[in-house]
Amino acid sequence: MIAVQAALTGALIGGLYALMAAGLSVTWGVLRVINLAHFGLILAGAYLTYELVTGWGLDPILTVVVTAPVLFGVGACLQWAYERMNMVEFNSLLVSFGLLMVTIQLATNTWTADFRRLAATENPYATSSLELGRLILPTTTLLAFVIAAVFIGGGHLLLRHTFLGRGMRAFAQDRTVAAAFGIDHRRLGLLVGGAAGASAAVAGMIFTLTNSLTPAVAYEWFGIVFAVVILGGVGNLLGTLVAGVGVGLLSGLVSVIWSPSTEPFVLFLAIILALLWRPHGLFHRRGVA
Amino acid sequence: MHRRLLPALVATLTIVAVAACTTKKEPSTTNQNPIVVGSTLSLTGSLAATGLIHKIAGEQFLERLNARGGLLGRQVQWKVLDDQSDQAKVGQLYEQLISQDKVDLIMGPYATPNILSAMAVAERHNFVMPQHTAVLAPQLTYDCQFPAWSIGTTPNRFVPNLLLDAVATLPRPPKRIAVLTSQSGSAAFVTDGLGDDKTGMITIAKERGLEVVVDAHYAPNPSSWGSIAAQVRDAKPDLLISNSLGVDTVNALTAMKQLGYRPPLTFSLFPAPGPLLGLGADGVGVLSVSIFEPNKALIDKAGADAQAIVDEFKTKATAASVQFPVFETQAAASWNAWEILVAGVKGAGRIDQKAICDSLHSRGADTTFSGHLAFDVNMNNFWPTNLGLKQIQNGQWVMVWPASRAAAPIQGPASP
Amino acid sequence: MTIRKGLSYLAAVTALLAVLAHFHSSVGIAPYSIVLTTTVLFWIAQATSWNLLSGYAGYFSFGQGAYVGVGAYSMAVLTGRHDVGFLWSIPIGGLLGGVLALAVGAVAFRLGSLRGEIFALLTLAVPFLLATFARINMDIDGGQGTVIALPAYPQWVGDAQHMLFYLSLAVAALAVAVALAVHGSRYGHGLAAVHDAEDAAEVLGVPTFRYKMVAIVLGGVLGGMGGAVFAMQIGFVAVESVFGLTIPLFVIVISVLGGRRHWLGPVIGAVLVVVLQDRLSAGGLESLENIVMGALLVGLVIVAPDGLYGRLRARPWLALGAFAVVLIGMSLTGYWAELDALLYAMFAAAIVATLADRFLAQPTPKSPDATFSPTRVAADRSGRTPQPAARAAGAADAGATEVAQLPLLHAAEALPGLAEAAPQAGEARAAEAVVGLGEAAPQAGEARAAEAVVGLGEAAARGRALVSCVGVTRDFGGVRALDGVSLQVFPAEIVGLVGPNGSGKTTLVNLLCGALQPTRGTVAIGGRPIGGLAPHRVAHTGVARTYQIPRPFESMTVRDNVAMAVMFGRTGASLSQARSKAQQHLATVHLGHLADVRPGSLNLHQRQLLEMARAIAAEPVVLLLDEALAGLNPAEIDDAVAVIRRIHATGISIVVVEHLLRVLNQLSTRIVVLDRGAVIADGDPAQVLSDPAVVRAYLGRQRA
């Protein structure tokens, strides 16, 4: 029973991992930008949420009305800059690493490294839960999962079934050729970058609902988020969701059956094995060379 | 090769030459010059929340000291650098303070790993180093480090016994305990002991006939608390012992609350004090360790100055937007450390590291909040501990154990 | 000998530093200089060790902390718990670092197709794993950290700080010596080739797997030794301080700043970064440190992605002048601390050197042994060419997988059409050729019939096949790219390999050069089966290939590109011998006049000629030309055809993969047609091209 409960909680919180990973995965897959600054955007989303809730008394979930457009703009600007500088793949990794360092330090200088946490009065979701017999679904994790599923599912449908989405995928395959078919990659890039920024805002909001904030936490997301990106397959949104849930489930189970201390061990071992056997993600169909 | 190497060679030589031509101004020793104390504190990074408390307390102490004429008739200045909570930086910064800035005295940094790194440098240069909060007593082997917060030479025995003695006095003493342990320095030490000494919370609880129903270790900052919470909930312990730092206990309790569970009684080893109070009703009754809480009984006992110090700290900390602006264990430890340094210098009558160290060994130090401290080299200078237990009662931390120093009696869980 | 000279300079500098440190009080060196230099030396050792794989070979690692951590923990556990001496613990730390590197490399490099980013992320996971391991293992420290006692030191050393200084100096000097020796050697050139175009390096005969393994292990050993000394310096080892992101972060900033393609890069970067860090903290600006470091990283990747070394080397005297002027100027004022003066002087040198190109004329051409490129982003490992036509042609054959199912990609299926439509691509005639096939072929067929019979007769008479595929099948997942292909190539033949897009031509070439292994069937070169051989071994059996999209070594001159093939080819040669031989091969393809330029300034045609020169430099018996004419204009095609004939005349058999049937018709002695992975025709060009099945395969698929 404990195992079932832990697995369930883990799987639900996996929605948050998936949401964090989604933006990174799409910019990497479609724009070939490995944007480590995405972690900085999530951090910014989290702190903005905190600020709006404590300062303006907004409902935590409603803050996305403000944070998502703001971070959409920031994400689009970032993408514009990467495009201008012709930063792809490795150079983008380095540049965005630098940006992340700057962001984390700025957050530290602004909010200090104190742990910030929404008080129980400001955050009605923190301790409520939904009971299904012996199983309990905490509201925050449930929210994390539902929002992530909606966001990622929507993104997936958009990519698969709209002209825009097809354009993006053609673009991901070959930029020059896609450009020859009239796909304006700049505008497309801004849109993708912006959407990634907005997803970071939502992820930051959900993180703030369940956790204490401190700037250095952004580095701690590295492991789990990259695990989800890689396991899900770079650029594969649905894969990201499945991988997020899978990683959450695995952590929950390992921590109950074995010990919480072995959880990172199993997780990183899983990444390494996955990288070796399925470097393009667990759900990748291989094509002809 | 010539073309490539020559500039490098010339540059290297120039650097060396410049360094060699350096003629350092020796600090003149006239009494007009202030005494400079150097230290680092974690002003940014993961330890910054507490680092800031030590900074405010230190500045407040020096303000008062200087207002009363300073030390040896000289004003005292404090040069504090930010080690960014990075242990690897601490050593280098202390080197910089001692060798380059040529500070007269040093004060320890905050948190055990940083203190141990600083101690290595202090030992290399034979500097006296009072330190606030290092817990790993067996590793603090340098003769001239002086703890300001003594948790005894064997915290791995002392803390479990302290806690279990205290809860044994409750009307319904706990029988089943769950132990959560963060795998970081001091917390794991209290649970498992250190090196060959495997005594700790687990073994002592078993010796006392308690049943350990959960013994879970986790790496610092676990990604999710859900599974740990589920484990504790299903084990139904009478007492949850969270040997952890910072906000771990808050996170664990919140996750349990989400599962509709609240442990009857909770002990948290080294928590950030603010967030636990922020839990509101869910935090009521949580126990932790303390050397000082600003409860009236304790303040009165500490003497006339204490109330003023506590009030002034609160004003300063609030102004610096510290989240939990209360003069408690951390600030008191800081105060002790400065008083140790001052006592040493006064005892020696001059700025001479050896003399200061000897004076402290022979005469000890008087402190406002912990009384007279005597340092025994054989005990790594750890004085008989005055550590007690505090508990959240009526929305604030209250000293509850030992009975002789308690401001209020310890409270058990409310009847189910 | 340049390496020997470099090493003797290094020894001199090391000895000088040691002597100055020993007599520091008599020459008036502030004790703090020793402390600061110790830190510089630690970072020099780390950045240099990181640079062996990540700089020279271009495999970026985020895992330097792992080696430092293993070294540091070796020191902590061995001295603290097992009473091993400090001096012994350092090499043991290095050994364990090397073992770890061996494991990481064995796991990571097994996978041939491992991309650079994936490697980086893999190495990111390693320190996390080790940290967890240390935490759950009470015999290490269970996460509690371990104090390291003050090391005992001999009387003459003076004090503990000097002990640390000498040890750090020794490790750093060793690291730099290794980096210097590697840089100037054949091995270093191999690593540079891996950096620029790994696949091309492998098929030219560079044992890339072994080279990468040696680089990662050397890096691990040096990193581990440095880590062991680092543990003594920090005095207390805990999981957070060694396995965190600080170490990889600094190492990356230092190397990117200094330059990754030369051994001096990390040295320059380490001095600059450590002094900068020191000045920031001395000025009370620690909280700005990460902002400055981050901004530095961003700025450098944008402005000078190849690092400062390259810029300084281009204008050494200008930089040195700026350095001296600022240093002396600031020192004379007496107002600035000497370290401030040093920092600003270094900045001045860096800025002057970096910006000089913007305001001054181009410097004199670089000597050919330099291996950095100021104009190109060195980290671009993909080898993609900027020419759109080439890109389009590449995309056409890429066998679009998922995309091909999209409605939009009805258009994408017509990608070859796009390439043909581009006038400069010169492929328009491919379509013409196909259209004209019907009428033209019969006449041509008759005209050539006699010739063909002679050709076949000769082939049979020659007996032993150079290349022999028997029943070769290759699957990719569920897709069968080649299905039971049997093919032989005899001496002195030029075999044209044709077929519609996706028919498996490139797959076949990849199988012949060993880049792919067949799912079933055997491939033999000169009668010797190559199953299981690495491509560089296959290369040594006498197969060379070119790439459809040229993959030159961008950091090397055209001559050195070819010299690489000679050095690592069947016969092997020293660099100087290889260079003179390379000149001959360049003459064969008429590129001799461009020997000193870098591939980046060649046009597509020249790049493809370079591919050919490089391929024949390996002295193959069989040359595989993969669409070597794609994207060329008519004049260039004629030129290329002439080159191919010249190569053929030297006695090399050639397999030409090509779309231009007209050209193949003239050039080949035999044509093999592939369709959907199977051979549908094999024989005399004219006969084959008039074969109805062949015509159907082409016309049935292509909307010409």
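This is a predicted model: local features need pLDDT of at least 70, side-chain atom pairs count only at pLDDT 80 or more; totals for chains, interfaces and linings use all residues.
**Exercise 1.** Find out which cysteine is joined to B:Cys144 by a disulfide, and describe the link.

*Solution.* Step 1: recall that a disulfide is a covalent bond between the sulfur atoms of two cysteines. Step 2: find the partner, B:Cys357, with an S to S distance of 2.1 Å. Step 3: check the angle about the S-S bond; it is -95°, and the link of B:Cys144 and B:Cys357 is left-handed. B:Cys144 sits in the loop between β4 (129-131) and β5 (145-147) of chain B, while B:Cys357 belongs to helix α14 (residues 353-363) of chain B, so the pair ties together parts 213 residues apart in sequence. Step 5: count over all chains, and you will find one disulfide in the structure.

**Exercise 2.** Work out the order of the strands in the three-stranded open sheet of chain B, and which strands lie at its edges.

*Solution.* Step 1: write down the order, β2-β1-β3, with parallel pairing. Step 2: look for strands that pair on one side only; these edge strands are β2 (76-82) and β3 (105-106) of chain B. Step 3: zoom in on β1 (residues 35-41) of chain B, which pairs with β3(B) in the parallel sense over two bridges. Step 4: pick out a bridge, where B:Gly38 has B:Ile106 in β3(B) as its partner.

Technical notes
Residues are numbered from 1 along each chain as its sequence is written. Chains are lettered from A and ligands numbered from 1 in the order in which they are written. Side-chain values use heavy atoms; hydrogens and water are left out. A disulfide is a pair of cysteine sulfur atoms within 2.5 Å. Helices (H or I, at least four residues) and strands (E, at least two) are DSSP runs, numbered from the N terminus. Two strands pair if DSSP finds at least two bridges between them.
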